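Biologist: I'd like to learn how to read a few features of a protein model. Could you walk me through some of them?

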Amino acid sequence: MASYKKIANGNWKYTISYTDNNGVYKQKSKQGFPTKTAAKEVAEPLEIKLKANVHLTDADMLFTDYYSNWIKTYKIGMFSPETDKIYRTAEKLVQANFGHLKLRQVSKDKYQQFINDYSEGRSKETVRKIHNKVAACLRHAFHSGSIPIDVTHKITIKGNAGMDPEKKFIEEHELKLLIKALKDGLTFKHTSRYMLLLQASTGARIGEIMALTFDSFDFKKQTIKINKSFDYKNTKDIKDTKNGVHRIIDIDDDTIRMIEPYYDYKRKQSLTSILTNNRNLLFVDEYMRVISPEAVNKSLARACKRAGIKRITSHGLRHTHASMLLTNGVPIQIVAERLGDTVEVVTSVYAHVLQKMRDDNRELIQSISRSIFN
């Protein structure tokens with residue numbers, strides 16, 4: 001980055017530090033400018049020009065080739081198949097929108113236009129996902145010296161608002177009506193209902209509920225161990241949790257009284273059936289088949305209708321669980337640990353709940369603040 005100094009005669013001098021193509025550190029300077037602004041007007045374009053000549057092999061590559069090489073080296077196969085799909089989608093978008101441009105020709109304006117075009121008819125969250133996957137490559141190019149500036153800095157993410165966060169979950173009184181509807185006429189054959197009841201009381205993801213095995217439960221210690229998930233979208237088999245976070249969460253007496261008899265029934269069924277429960281999964285049907293998320297959500301839709309509340313998905317039960325914990329004063333760090341998320345994710349996803357809590361506690365905070373002066 002260029003530096004500026006006022007010298008003895010009152011004039012200004014600029015100095016630009018950079019590394020050439022051979023990795024040699026160099027400086028270029030000039031003095032005699034009447035003001036710092038005058039020096040910057042000359043130095044800034046020159047700095048961009050000098051740094052643009054660095055790593056010409058990369059800078060002169062087509063951006064499409066650079067991006068494909070980058071995801072192959074750093075991303076594909078490193079995470080989940082679902083994440084790989086997003087990178088492949090982003091790769092196709094880069095090919096469609098930057099096909100003729102070299103890496104050094106991708107300007108801030110061109111990148112913003114790409115985001116603007118992609119945002120048409122899409123939610124802001126969808127646009128942000130693609131932006132994150134493409135911008136990371138361009139930032140890599142910037143930090144490695146292949147391009148002189150970060151063209152993704154302060155880009156405006158556009159798009160539709162998407163679903164109102166408050167529509168993703170239900171209130172506590174609605175949850176009680178839903179629980180009543182799920183328990184009404186409940187038998188051991190209603191496996192999807194048991195899955196929903198457990199999800200409501202734990203906040204676990206549906207894939208994590210599907211992957212629970214008999215040894216996941218410790219009824220004496222009143223805990224459930226969540227250390228795996230079921231990949232219902234791709235491999236149809238057990239995989240690691242979404243972000244690799246393993247946790248042991250507490251369960252209450254009512255949950256135990258609800259789930260333990262079902263647990264005993266399924267354990268006996270697995271031991272006596274002529275069919276084999278190869279993975280020792282708790283939530284399987286009488287043919288030892290995994291209950292799909294679609295079946296779970298259909299069961300939930302019917303229960304919502306019986307309860308007379310708005311329809312939500314099973315993931316909405318996770319949101320409901322987290323929202324209830326936050327609203328009732330459970331520290332955000334504890335909520336994040338229970339969900340297997342980071343504090344940052346919880347803060348982002350449940351911003352509407354946290355804002356309501358701030359509003360509700362404003363008077364209390366002011367009262368505490370005033371008390372120190374009395």
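Biologist: Let's start with Arg 318: does it count as buried or exposed?

Modeller: A quick word on the source: this is a predicted model, in which local features need pLDDT of at least 70, side-chain atom pairs count only at pLDDT 80 or more, and totals for chains, interfaces and linings use all residues. Residues are numbered from 1 along each chain as its sequence is written, and side-chain values use heavy atoms, with hydrogens and water left out. Buried means under 20% relative accessible area, exposed over 50%, and partly exposed in between (1.4 Å probe, protein chains only). Arg 318 has 3% relative accessibility, so it counts as buried.

Biologist: Which residue forms a salt bridge with Arg 318?

Modeller: Side chains of opposite charge can pair when their charged atoms come close. The term salt bridge asks for a side-chain nitrogen of Lys or Arg within 4 Å of a carboxyl oxygen of Asp or Glu. Arg 318 pairs with Asp 341, and their closest N and O atoms are 2.9 Å apart. This links distant parts of the chain, 23 residues apart: Arg 318 sits in helix 12 (residues 314–327) and Asp 341 in the loop between helix 13 and helix 14. Helices here are DSSP runs (H or I, at least four residues), numbered from the N terminus. Through shared partners, salt bridges join Arg 318, Asp 341, Arg 205, Glu 208 and Arg 247 into one network.

Biologist: How far apart are the closest N and O atoms of Asp 341 and Arg 205?

Modeller: For that salt bridge, the distance is 3.0 Å. Asp 341 and Arg 205 each lie in a loop, so the pair ties together parts that are 136 residues apart in sequence. Arg 205 is buried, at 10% relative accessibility.

Biologist: What separates Arg 88 and Glu 91 in helix 4?

Modeller: An α-helix has 3.6 residues a turn, so residues three or four places apart point the same way. Arg 88 and Glu 91 are three residues apart in helix 4 (residues 81–98), or about one helical turn. They form a salt bridge, with the closest N and O atoms 3.0 Å apart. Arg 88 is partly exposed at 39% relative accessibility, whereas Glu 91 is buried at 12%.

Biologist: And how many salt bridges does the structure hold?

Modeller: There are 10 salt bridges in the structure.

Biologist: Where does Ile 274 lie?

Modeller: Ile 274 is in the loop between helix 10 (253–272) and helix 11 (293–307). With 83% relative accessibility, Ile 274 counts as exposed.

Technical notes:
Helix = DSSP H or I, 4+ residues; strand = E, 2+ residues; numbered from the N terminus.
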